[in-house]
Amino acid sequence: MGRAGLRARVTTGFAAGALVLSLAMAVVSYQLVRRSLITERENTAVRAAYYDAAIVEAGVNNNLTPDIGTVLRSLDTGDSRRAVLQLGSGQWHARSADVGLTDAIPPELQEHASTGRVGVQMVNAGDGPALVVAVPLGDGAVFYEVDSMDELDHTLRVLALVLTLVALGTAGAGALVGWNATRYVLRPLTRVAAAAQEITAGRHMARLDPATEPDLARLTTSFNHMVDQLSARMERDRRFAADVSHELRSPLQTLAAAASVLDRRRDTLDDRTALAAGLVVDEVDRFQRLVNDLLELARTDQPADRQEVDVAELARQACRDHGLDPGIVTVVGGPVAWSVDRRRIRQLFDNLLDNAAGYGGGATEIRLTADAERCRIEVDDEGPGVSPEDKPLIWNRFVRGRSQSSSRADGGGTGLGLALVAQHAAAHDGTAEVLDRPGGGARFRIDLPECL
(Lines give C-alpha, C1' and ligand atoms only; values in the text may rest on other atoms or scores of the structure.)
Protein backbone atom coordinates (compact mmCIF):
# COMPACT_ATOMS: atom_id res chain seq x y z
CA MET A 1 0.00 0.00 0.00
CA GLY A 2 1.35 3.40 -1.00
CA ARG A 3 1.98 6.13 1.50
CA ALA A 4 -0.80 8.67 1.87
CA GLY A 5 -0.23 12.03 0.22
CA LEU A 6 0.78 15.19 2.05
CA ARG A 7 -2.70 16.66 1.81
CA ALA A 8 -4.28 13.51 3.23
CA ARG A 9 -1.77 13.37 6.09
CA VAL A 10 -2.26 17.04 7.02
CA THR A 11 -6.05 16.65 6.87
CA THR A 12 -5.86 13.54 9.05
CA GLY A 13 -3.64 15.41 11.49
CA PHE A 14 -6.11 18.29 11.73
CA ALA A 15 -9.00 15.85 12.25
CA ALA A 16 -7.12 13.81 14.87
CA GLY A 17 -5.99 16.93 16.73
CA ALA A 18 -9.51 18.38 16.72
CA LEU A 19 -10.93 15.05 17.89
CA VAL A 20 -8.43 14.65 20.75
CA LEU A 21 -8.90 18.25 21.88
CA SER A 22 -12.69 18.11 21.67
CA LEU A 23 -12.83 14.74 23.47
CA ALA A 24 -10.59 16.07 26.24
CA MET A 25 -12.80 19.13 26.63
CA ALA A 26 -15.90 16.94 26.49
CA VAL A 27 -14.60 14.63 29.24
CA VAL A 28 -13.61 17.53 31.47
CA SER A 29 -16.91 19.31 30.85
CA TYR A 30 -18.90 16.14 31.53
CA GLN A 31 -17.07 15.45 34.78
CA LEU A 32 -17.50 19.03 36.01
CA VAL A 33 -21.20 19.16 35.11
CA ARG A 34 -21.81 15.67 36.54
CA ARG A 35 -20.11 16.52 39.81
CA SER A 36 -21.99 19.82 40.05
CA LEU A 37 -25.40 18.22 39.34
CA ILE A 38 -24.84 15.31 41.73
CA THR A 39 -23.63 17.62 44.51
CA GLU A 40 -26.62 19.89 44.02
CA ARG A 41 -28.97 16.91 43.98
CA GLU A 42 -27.42 15.49 47.17
CA ASN A 43 -27.81 18.80 48.96
CA THR A 44 -31.42 19.05 47.85
CA ALA A 45 -32.12 15.45 48.91
CA VAL A 46 -30.52 15.99 52.33
CA ARG A 47 -32.53 19.15 52.97
CA ALA A 48 -35.75 17.42 51.92
CA ALA A 49 -34.90 14.43 54.12
CA TYR A 50 -34.26 16.68 57.12
CA TYR A 51 -37.58 18.42 56.57
CA ASP A 52 -39.51 15.17 56.17
CA ALA A 53 -37.70 13.63 59.17
CA ALA A 54 -38.80 16.56 61.33
CA ILE A 55 -42.42 16.02 60.26
CA VAL A 56 -42.24 12.30 61.01
CA GLU A 57 -40.58 12.88 64.37
CA ALA A 58 -43.24 15.42 65.35
CA GLY A 59 -46.07 13.14 64.22
CA VAL A 60 -44.69 10.22 66.20
CA ASN A 61 -43.85 12.13 69.41
CA ASN A 62 -47.10 14.11 69.58
CA ASN A 63 -49.29 11.00 69.64
CA LEU A 64 -49.46 8.39 72.33
CA THR A 65 -50.42 5.72 69.82
CA PRO A 66 -49.22 7.13 66.50
CA ASP A 67 -50.17 5.57 63.17
CA ILE A 68 -46.74 5.61 61.56
CA GLY A 69 -48.10 4.58 58.14
CA THR A 70 -50.47 7.53 58.16
CA VAL A 71 -47.64 9.86 59.19
CA LEU A 72 -45.44 8.61 56.34
CA ARG A 73 -48.26 8.94 53.82
CA SER A 74 -48.76 12.55 54.90
CA LEU A 75 -45.31 13.48 53.58
CA ASP A 76 -45.24 15.44 50.32
CA THR A 77 -42.48 13.40 48.61
CA GLY A 78 -43.74 13.68 45.05
CA ASP A 79 -43.00 10.94 42.53
CA SER A 80 -39.25 10.75 43.05
CA ARG A 81 -38.87 10.29 46.82
CA ARG A 82 -39.95 7.44 49.06
CA ALA A 83 -39.76 7.32 52.88
CA VAL A 84 -39.27 4.48 55.39
CA LEU A 85 -38.80 4.52 59.16
CA GLN A 86 -36.82 2.07 61.29
CA LEU A 87 -37.70 2.11 64.99
CA GLY A 88 -35.22 1.49 67.74
CA SER A 89 -36.63 -2.02 68.15
CA GLY A 90 -35.58 -2.78 64.57
CA GLN A 91 -39.14 -2.75 63.21
CA TRP A 92 -39.63 -1.17 59.77
CA HIS A 93 -42.54 1.01 58.76
CA ALA A 94 -43.32 2.19 55.24
CA ARG A 95 -46.19 3.21 53.07
CA SER A 96 -48.28 0.35 51.86
CA ALA A 97 -47.09 1.03 48.31
CA ASP A 98 -43.42 0.96 49.34
CA VAL A 99 -43.27 -2.64 50.56
CA GLY A 100 -39.79 -4.02 49.86
CA LEU A 101 -38.20 -0.59 49.89
CA THR A 102 -36.03 -1.64 52.83
CA ASP A 103 -34.12 -3.94 50.46
CA ALA A 104 -32.70 -0.88 48.74
CA ILE A 105 -31.12 0.40 51.99
CA PRO A 106 -27.57 -1.01 52.20
CA PRO A 107 -26.47 -2.58 55.53
CA GLU A 108 -23.38 -0.35 55.77
CA LEU A 109 -25.60 2.75 55.71
CA GLN A 110 -27.83 1.25 58.41
CA GLU A 111 -24.79 0.56 60.57
CA HIS A 112 -23.53 4.09 59.99
CA ALA A 113 -26.92 5.63 60.96
CA SER A 114 -27.20 3.49 64.08
CA THR A 115 -24.30 5.48 65.57
CA GLY A 116 -26.41 8.64 65.39
CA ARG A 117 -24.77 10.12 62.30
CA VAL A 118 -26.45 11.33 59.11
CA GLY A 119 -25.46 9.24 56.07
CA VAL A 120 -25.81 9.54 52.30
CA GLN A 121 -25.14 6.73 49.79
CA MET A 122 -25.78 6.14 46.08
CA VAL A 123 -27.40 2.77 45.39
CA ASN A 124 -29.12 0.84 42.61
CA ALA A 125 -32.73 0.51 43.68
CA GLY A 126 -33.59 -2.07 41.03
CA ASP A 127 -35.49 0.38 38.85
CA GLY A 128 -32.54 2.74 38.47
CA PRO A 129 -29.98 4.68 40.48
CA ALA A 130 -31.15 6.28 43.72
CA LEU A 131 -29.76 8.36 46.57
CA VAL A 132 -30.48 7.11 50.10
CA VAL A 133 -30.37 9.65 52.97
CA ALA A 134 -30.37 8.38 56.56
CA VAL A 135 -31.45 10.83 59.35
CA PRO A 136 -31.23 9.49 62.93
CA LEU A 137 -34.21 10.36 65.20
CA GLY A 138 -34.69 9.96 68.93
CA ASP A 139 -34.84 6.60 70.78
CA GLY A 140 -32.66 4.89 68.18
CA ALA A 141 -35.14 5.41 65.33
CA VAL A 142 -33.77 6.25 61.87
CA PHE A 143 -35.63 7.93 59.04
CA TYR A 144 -34.60 6.89 55.52
CA GLU A 145 -35.55 8.64 52.34
CA VAL A 146 -34.81 7.09 48.95
CA ASP A 147 -34.56 9.73 46.19
CA SER A 148 -34.71 8.40 42.62
CA MET A 149 -31.92 9.64 40.34
CA ASP A 150 -33.54 8.53 37.08
CA GLU A 151 -34.09 12.04 35.84
CA LEU A 152 -30.53 13.08 36.65
CA ASP A 153 -29.18 9.90 35.09
CA HIS A 154 -31.17 10.59 31.92
CA THR A 155 -29.86 14.15 31.86
CA LEU A 156 -26.28 12.92 32.18
CA ARG A 157 -26.75 10.38 29.37
CA VAL A 158 -28.14 13.08 27.09
CA LEU A 159 -25.24 15.33 28.04
CA ALA A 160 -22.71 12.58 27.24
CA LEU A 161 -24.36 11.95 23.88
CA VAL A 162 -24.40 15.64 23.00
CA LEU A 163 -20.74 16.09 23.98
CA THR A 164 -19.77 13.02 21.92
CA LEU A 165 -21.61 14.36 18.88
CA VAL A 166 -19.99 17.75 19.39
CA ALA A 167 -16.55 16.08 19.55
CA LEU A 168 -17.21 14.17 16.32
CA GLY A 169 -18.57 17.30 14.66
CA THR A 170 -15.48 19.21 15.77
CA ALA A 171 -13.27 16.49 14.29
CA GLY A 172 -15.18 16.75 11.01
CA ALA A 173 -14.83 20.52 11.07
CA GLY A 174 -11.12 20.10 11.79
CA ALA A 175 -10.78 17.80 8.78
CA LEU A 176 -12.58 20.34 6.60
CA VAL A 177 -10.38 23.15 7.86
CA GLY A 178 -7.29 21.00 7.30
CA TRP A 179 -8.39 20.12 3.76
CA ASN A 180 -8.98 23.77 2.85
CA ALA A 181 -5.82 24.89 4.63
CA THR A 182 -3.66 22.38 2.76
CA ARG A 183 -5.27 23.39 -0.51
CA TYR A 184 -4.27 26.99 0.21
CA VAL A 185 -0.79 26.06 1.47
CA LEU A 186 -0.11 23.68 -1.41
CA ARG A 187 -1.36 26.10 -4.05
CA PRO A 188 2.17 27.40 -4.81
CA LEU A 189 3.43 23.83 -5.17
CA THR A 190 0.50 23.11 -7.48
CA ARG A 191 1.60 26.03 -9.66
CA VAL A 192 5.16 24.67 -9.67
CA ALA A 193 3.88 21.22 -10.70
CA ALA A 194 1.72 22.74 -13.45
CA ALA A 195 4.65 24.75 -14.78
CA ALA A 196 6.87 21.67 -14.68
CA GLN A 197 4.27 19.71 -16.66
CA GLU A 198 4.11 22.45 -19.28
CA ILE A 199 7.90 22.44 -19.57
CA THR A 200 7.89 18.64 -19.86
CA ALA A 201 5.35 18.94 -22.66
CA GLY A 202 7.75 21.23 -24.55
CA ARG A 203 6.33 24.64 -23.62
CA HIS A 204 9.59 26.06 -22.26
CA MET A 205 8.21 29.58 -21.82
CA ALA A 206 6.27 28.56 -18.68
CA ARG A 207 7.39 30.58 -15.66
CA LEU A 208 6.24 31.37 -12.10
CA ASP A 209 5.25 34.84 -10.94
CA PRO A 210 7.20 35.74 -7.74
CA ALA A 211 4.61 38.41 -6.88
CA THR A 212 1.86 35.80 -6.51
CA GLU A 213 3.36 34.32 -3.34
CA PRO A 214 5.81 36.80 -1.77
CA ASP A 215 6.76 34.31 0.97
CA LEU A 216 7.93 31.86 -1.71
CA ALA A 217 9.74 34.43 -3.85
CA ARG A 218 13.05 32.60 -3.40
CA LEU A 219 11.52 29.31 -4.59
CA THR A 220 9.85 30.87 -7.65
CA THR A 221 12.98 32.85 -8.55
CA SER A 222 15.17 29.74 -8.27
CA PHE A 223 12.68 27.73 -10.31
CA ASN A 224 12.55 30.36 -13.07
CA HIS A 225 16.35 30.58 -13.12
CA MET A 226 16.59 26.79 -13.42
CA VAL A 227 14.11 26.77 -16.30
CA ASP A 228 16.00 29.59 -18.04
CA GLN A 229 19.26 27.67 -17.77
CA LEU A 230 17.62 24.45 -18.93
CA SER A 231 15.93 26.15 -21.89
CA ALA A 232 19.17 27.84 -22.90
CA ARG A 233 21.06 24.56 -22.76
CA MET A 234 18.41 22.73 -24.75
CA GLU A 235 18.40 25.50 -27.33
CA ARG A 236 22.19 25.29 -27.65
CA ASP A 237 21.99 21.52 -28.07
CA ARG A 238 19.22 21.88 -30.63
CA ARG A 239 21.15 24.47 -32.63
CA PHE A 240 24.32 22.38 -32.45
CA ALA A 241 22.53 19.29 -33.76
CA ALA A 242 20.85 21.34 -36.49
CA ASP A 243 24.09 23.06 -37.51
CA VAL A 244 26.09 19.85 -37.57
CA SER A 245 23.39 18.04 -39.50
CA HIS A 246 23.09 20.88 -41.98
CA GLU A 247 26.85 21.03 -42.52
CA LEU A 248 26.97 17.28 -43.09
CA ARG A 249 24.34 17.30 -45.78
CA SER A 250 26.60 18.68 -48.55
CA PRO A 251 29.48 16.20 -48.12
CA LEU A 252 26.95 13.43 -47.65
CA GLN A 253 25.31 14.27 -50.94
CA THR A 254 28.71 14.10 -52.63
CA LEU A 255 29.42 10.76 -50.96
CA ALA A 256 25.99 9.49 -51.95
CA ALA A 257 26.60 10.47 -55.59
CA ALA A 258 29.99 8.76 -55.58
CA ALA A 259 28.55 5.70 -53.89
CA SER A 260 25.78 5.48 -56.47
CA VAL A 261 28.40 5.45 -59.24
CA LEU A 262 30.19 2.58 -57.50
CA ASP A 263 26.90 0.78 -57.00
CA ARG A 264 26.04 1.03 -60.71
CA ARG A 265 29.43 -0.41 -61.67
CA ARG A 266 29.43 -3.16 -59.05
CA ASP A 267 29.11 -5.85 -61.73
CA THR A 268 32.43 -4.79 -63.26
CA LEU A 269 34.30 -5.05 -59.96
CA ASP A 270 35.86 -8.09 -58.35
CA ASP A 271 34.00 -9.72 -55.48
CA ARG A 272 35.87 -8.06 -52.60
CA THR A 273 35.64 -4.61 -54.16
CA ALA A 274 31.94 -5.13 -54.99
CA LEU A 275 31.26 -6.14 -51.36
CA ALA A 276 33.09 -3.07 -50.07
CA ALA A 277 31.17 -0.86 -52.51
CA GLY A 278 27.88 -2.32 -51.29
CA LEU A 279 28.81 -1.66 -47.66
CA VAL A 280 29.72 1.92 -48.51
CA VAL A 281 26.38 2.46 -50.26
CA ASP A 282 24.43 1.03 -47.32
CA GLU A 283 26.31 3.04 -44.69
CA VAL A 284 26.08 6.28 -46.68
CA ASP A 285 22.31 5.72 -46.99
CA ARG A 286 22.05 5.06 -43.26
CA PHE A 287 24.19 8.13 -42.56
CA GLN A 288 21.88 10.27 -44.68
CA ARG A 289 18.83 9.00 -42.82
CA LEU A 290 20.55 9.72 -39.51
CA VAL A 291 21.32 13.30 -40.55
CA ASN A 292 17.75 13.81 -41.75
CA ASP A 293 16.42 12.44 -38.46
CA LEU A 294 18.71 14.73 -36.49
CA LEU A 295 17.47 17.72 -38.45
CA GLU A 296 13.89 16.65 -37.80
CA LEU A 297 14.65 16.08 -34.12
CA ALA A 298 16.08 19.59 -33.87
CA ARG A 299 12.71 20.94 -35.04
CA THR A 300 10.56 18.87 -32.67
CA ASP A 301 10.56 21.57 -29.97
CA GLN A 302 8.61 23.87 -32.27
CA PRO A 303 4.82 23.93 -31.69
CA ALA A 304 2.60 21.90 -33.98
CA ASP A 305 1.22 23.77 -37.00
CA ARG A 306 -2.35 22.49 -36.79
CA GLN A 307 -4.69 22.44 -39.76
CA GLU A 308 -7.57 20.31 -41.01
CA VAL A 309 -6.03 17.15 -42.46
CA ASP A 310 -7.66 14.08 -43.99
CA VAL A 311 -5.66 11.65 -41.89
CA ALA A 312 -7.12 8.56 -43.56
CA GLU A 313 -5.91 9.71 -46.99
CA LEU A 314 -2.56 10.70 -45.46
CA ALA A 315 -2.21 7.16 -44.06
CA ARG A 316 -3.17 5.59 -47.41
CA GLN A 317 -0.58 7.74 -49.23
CA ALA A 318 2.07 6.64 -46.71
CA CYS A 319 1.11 3.01 -47.41
CA ARG A 320 1.48 3.53 -51.18
CA ASP A 321 4.89 5.13 -50.73
CA HIS A 322 6.00 2.12 -48.67
CA GLY A 323 4.65 -0.40 -51.15
CA LEU A 324 1.71 -1.45 -48.93
CA ASP A 325 -1.93 -1.98 -49.78
CA PRO A 326 -3.89 1.20 -48.82
CA GLY A 327 -6.72 -1.12 -47.84
CA ILE A 328 -5.01 -1.86 -44.51
CA VAL A 329 -6.17 1.61 -43.36
CA THR A 330 -9.38 1.26 -41.35
CA VAL A 331 -11.49 4.15 -40.01
CA VAL A 332 -13.48 3.22 -36.88
CA GLY A 333 -16.21 5.84 -36.44
CA GLY A 334 -15.79 9.57 -36.20
CA PRO A 335 -14.58 12.05 -38.84
CA VAL A 336 -11.27 11.61 -40.69
CA ALA A 337 -10.52 15.36 -40.82
CA TRP A 338 -8.33 16.04 -37.78
CA SER A 339 -6.72 19.26 -36.59
CA VAL A 340 -3.08 18.17 -36.67
CA ASP A 341 0.31 19.08 -38.11
CA ARG A 342 0.40 17.42 -41.55
CA ARG A 343 4.20 17.15 -41.72
CA ARG A 344 4.50 15.62 -38.26
CA ILE A 345 1.69 13.10 -38.75
CA ARG A 346 3.05 12.05 -42.15
CA GLN A 347 6.49 11.40 -40.66
CA LEU A 348 4.82 9.59 -37.76
CA PHE A 349 3.19 7.21 -40.27
CA ASP A 350 6.49 6.83 -42.18
CA ASN A 351 8.50 5.97 -39.08
CA LEU A 352 5.94 3.48 -37.75
CA LEU A 353 5.69 1.77 -41.14
CA ASP A 354 9.50 1.65 -41.45
CA ASN A 355 9.75 0.17 -37.97
CA ALA A 356 7.10 -2.44 -38.78
CA ALA A 357 8.79 -3.32 -42.08
CA GLY A 358 12.22 -3.68 -40.52
CA TYR A 359 11.35 -5.55 -37.34
CA GLY A 360 7.74 -6.77 -37.51
CA GLY A 361 7.36 -8.27 -40.95
CA GLY A 362 5.47 -5.22 -42.20
CA ALA A 363 2.34 -3.44 -41.03
CA THR A 364 -0.86 -5.49 -41.16
CA GLU A 365 -3.40 -2.81 -40.22
CA ILE A 366 -3.66 0.91 -39.50
CA ARG A 367 -6.71 1.90 -37.44
CA LEU A 368 -7.91 5.49 -37.07
CA THR A 369 -10.39 6.23 -34.26
CA ALA A 370 -11.81 9.58 -33.19
CA ASP A 371 -14.29 10.67 -30.53
CA ALA A 372 -14.98 13.74 -28.42
CA GLU A 373 -12.01 13.10 -26.13
CA ARG A 374 -9.17 12.06 -28.41
CA CYS A 375 -8.01 10.78 -31.80
CA ARG A 376 -6.13 7.50 -31.92
CA ILE A 377 -3.72 5.95 -34.41
CA GLU A 378 -2.88 2.24 -34.12
CA VAL A 379 -0.37 0.38 -36.29
CA ASP A 380 -0.28 -3.44 -35.99
CA ASP A 381 2.28 -5.94 -37.16
CA GLU A 382 2.83 -9.68 -36.78
CA GLY A 383 6.45 -9.60 -35.62
CA PRO A 384 7.97 -10.95 -32.40
CA GLY A 385 6.57 -8.08 -30.34
CA VAL A 386 8.38 -6.02 -27.69
CA SER A 387 9.54 -7.41 -24.35
CA PRO A 388 7.89 -5.84 -21.25
CA GLU A 389 11.17 -4.46 -19.93
CA ASP A 390 11.84 -2.63 -23.21
CA LYS A 391 8.39 -1.15 -23.77
CA PRO A 392 9.04 2.08 -21.84
CA LEU A 393 12.55 2.43 -23.30
CA ILE A 394 12.12 2.15 -27.05
CA TRP A 395 10.78 5.72 -27.29
CA ASN A 396 14.11 7.17 -26.12
CA ARG A 397 16.75 8.43 -28.52
CA PHE A 398 19.37 5.97 -29.79
CA VAL A 399 17.85 3.10 -27.82
CA ARG A 400 17.97 -0.38 -29.31
CA GLY A 401 16.32 -3.48 -27.93
CA ARG A 402 18.23 -5.71 -25.53
CA SER A 403 16.63 -8.97 -26.65
CA GLN A 404 15.62 -10.61 -29.89
CA SER A 405 11.93 -9.83 -29.24
CA SER A 406 12.71 -6.15 -28.82
CA SER A 407 15.36 -5.74 -31.47
CA ARG A 408 12.65 -3.97 -33.43
CA ALA A 409 13.49 -0.79 -31.49
CA ASP A 410 15.41 0.63 -34.42
CA GLY A 411 17.90 -2.19 -34.09
CA GLY A 412 19.20 -1.65 -37.65
CA GLY A 413 18.18 1.95 -38.11
CA THR A 414 19.32 5.25 -36.70
CA GLY A 415 17.81 4.78 -33.25
CA LEU A 416 15.70 7.93 -33.71
CA GLY A 417 12.60 6.71 -35.55
CA LEU A 418 10.44 5.85 -32.55
CA ALA A 419 11.88 8.78 -30.58
CA LEU A 420 10.57 11.07 -33.33
CA VAL A 421 7.17 9.35 -33.14
CA ALA A 422 7.02 10.12 -29.41
CA GLN A 423 8.12 13.72 -30.01
CA HIS A 424 5.48 14.26 -32.69
CA ALA A 425 2.82 12.85 -30.37
CA ALA A 426 4.00 15.12 -27.53
CA ALA A 427 3.86 18.14 -29.86
CA HIS A 428 0.11 17.43 -30.10
CA ASP A 429 -0.11 16.97 -26.28
CA GLY A 430 -0.50 13.26 -26.99
CA THR A 431 1.14 10.01 -25.90
CA ALA A 432 2.79 7.04 -27.58
CA GLU A 433 2.81 3.47 -26.27
CA VAL A 434 3.35 -0.05 -27.52
CA LEU A 435 1.02 -2.94 -26.62
CA ASP A 436 0.89 -6.65 -27.29
CA ARG A 437 -1.28 -7.35 -30.31
CA PRO A 438 -3.95 -10.02 -29.77
CA GLY A 439 -2.77 -13.07 -31.70
CA GLY A 440 0.89 -12.02 -31.63
CA GLY A 441 2.92 -9.06 -32.74
CA ALA A 442 3.01 -5.44 -31.58
CA ARG A 443 0.48 -2.65 -31.60
CA PHE A 444 1.83 0.90 -31.61
CA ARG A 445 -0.79 3.30 -30.27
CA ILE A 446 -0.73 7.11 -30.57
CA ASP A 447 -3.35 9.12 -28.67
CA LEU A 448 -3.89 12.76 -29.67
CA PRO A 449 -6.32 14.70 -27.44
CA GLU A 450 -8.58 17.47 -28.72
CA CYS A 451 -7.79 17.02 -32.40
CA LEU A 452 -11.35 17.46 -33.72
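Guide: Happy to. A salt bridge here means a side-chain nitrogen of Lys or Arg within 4 Å of a carboxyl oxygen of Asp or Glu. With that rule, Glu365, Arg367, Glu378, Asp380, Glu382, Arg437, Arg443 and Arg445 are linked in a network of salt bridges, and the structure holds 20 salt bridges.

Before we zoom in, a word on what you are looking at. This is a predicted model, in which local features need pLDDT of at least 70 and side-chain atom pairs count only at pLDDT 80 or more, while totals for chains, interfaces and linings use all residues. Residues are numbered from 1 along each chain as its sequence is written, and side-chain values use heavy atoms, with hydrogens and water left out.

The chain has ten helices and twelve strands; helices (H or I, at least four residues) and strands (E, at least two) are DSSP runs numbered from the N terminus. Of its 452 residues, 37% count as buried. Buried means under 20% relative accessible area, exposed means over 50%, and partly exposed lies in between, with a 1.4 Å probe and protein chains only.

Glutamate 378 and arginine 367 meet through their side chains in a salt bridge of 3.0 Å, N to O. This pair links distant parts of the chain, with glutamate 378 in strand S10 (residues 374-381) and arginine 367 in strand S9 (residues 363-370), eleven residues apart. How accessible is glutamate 378? Glutamate 378 counts as buried because its relative accessibility is 6%. Arginine 367 also counts as buried, at 11% relative accessibility.

Strand S10 holds another charged side chain to look at. Arginine 376 forms a salt bridge with aspartate 447, and their closest N and O atoms are 2.7 Å apart. Arginine 376 lies in strand S10 and aspartate 447 in strand S12 (residues 442-449), so this pair ties together parts that are 71 residues apart in sequence. Arginine 376 has a relative accessible area of 17%, so it is buried; aspartate 447 counts as buried too, at 14%.

Now move to another salt bridge, between arginine 41 and aspartate 147, whose closest N and O atoms are 3.1 Å apart. Here arginine 41 lies in helix H1 (residues 6-61) and aspartate 147 in strand S5 (residues 142-148), so a helix and a strand 106 residues apart in sequence are tied together. Both arginine 41 and aspartate 147 are buried.

Aspartate 147 also brings us to another arginine. Arginine 81 touches Ala48, Asp52, Asp76, Glu145, Val146 and Asp147, not counting residues up to four places away in sequence; contact means heavy atoms within 4.5 Å. Arginine 81 lies in strand S1 (residues 81-86) and is buried, with a relative accessible area of 17%. Two of these neighbours also make polar contacts with it: the side chains of arginine 81 and aspartate 52 are joined at 3.3 Å, and those of arginine 81 and glutamate 145 at 3.1 Å. A polar contact is a pair of N or O atoms within 3.5 Å; within protein, one must be able to donate a hydrogen and the other to accept it, and residues adjacent in sequence count only if both atoms are side-chain atoms.

The structure holds two aromatic pairs. Tryptophan 92 and tyrosine 144 have ring centres 5.6 Å apart and planes at 35 degrees, so this pair is tilted. Tryptophan 92 lies in strand S2 (residues 92-94) and tyrosine 144 in strand S5, so parts 52 residues apart in sequence are tied together. Tryptophan 92 counts as partly exposed at 28% relative accessibility, while tyrosine 144 counts as buried at 0%. Tryptophan 395 and phenylalanine 444 form an edge-to-face pair, 5.9 Å centre to centre with 80 degrees between the planes. Tryptophan 395 sits in the loop between S10 and helix H10 (417-427) and phenylalanine 444 in strand S12, 49 residues apart. Both tryptophan 395 and phenylalanine 444 are buried. For these labels, rings of Phe, Tyr and Trp (its six-membered ring) pair if their centres lie within 6.5 Å; planes under 30 degrees apart count as stacked, over 60 as edge-to-face and the rest as tilted.
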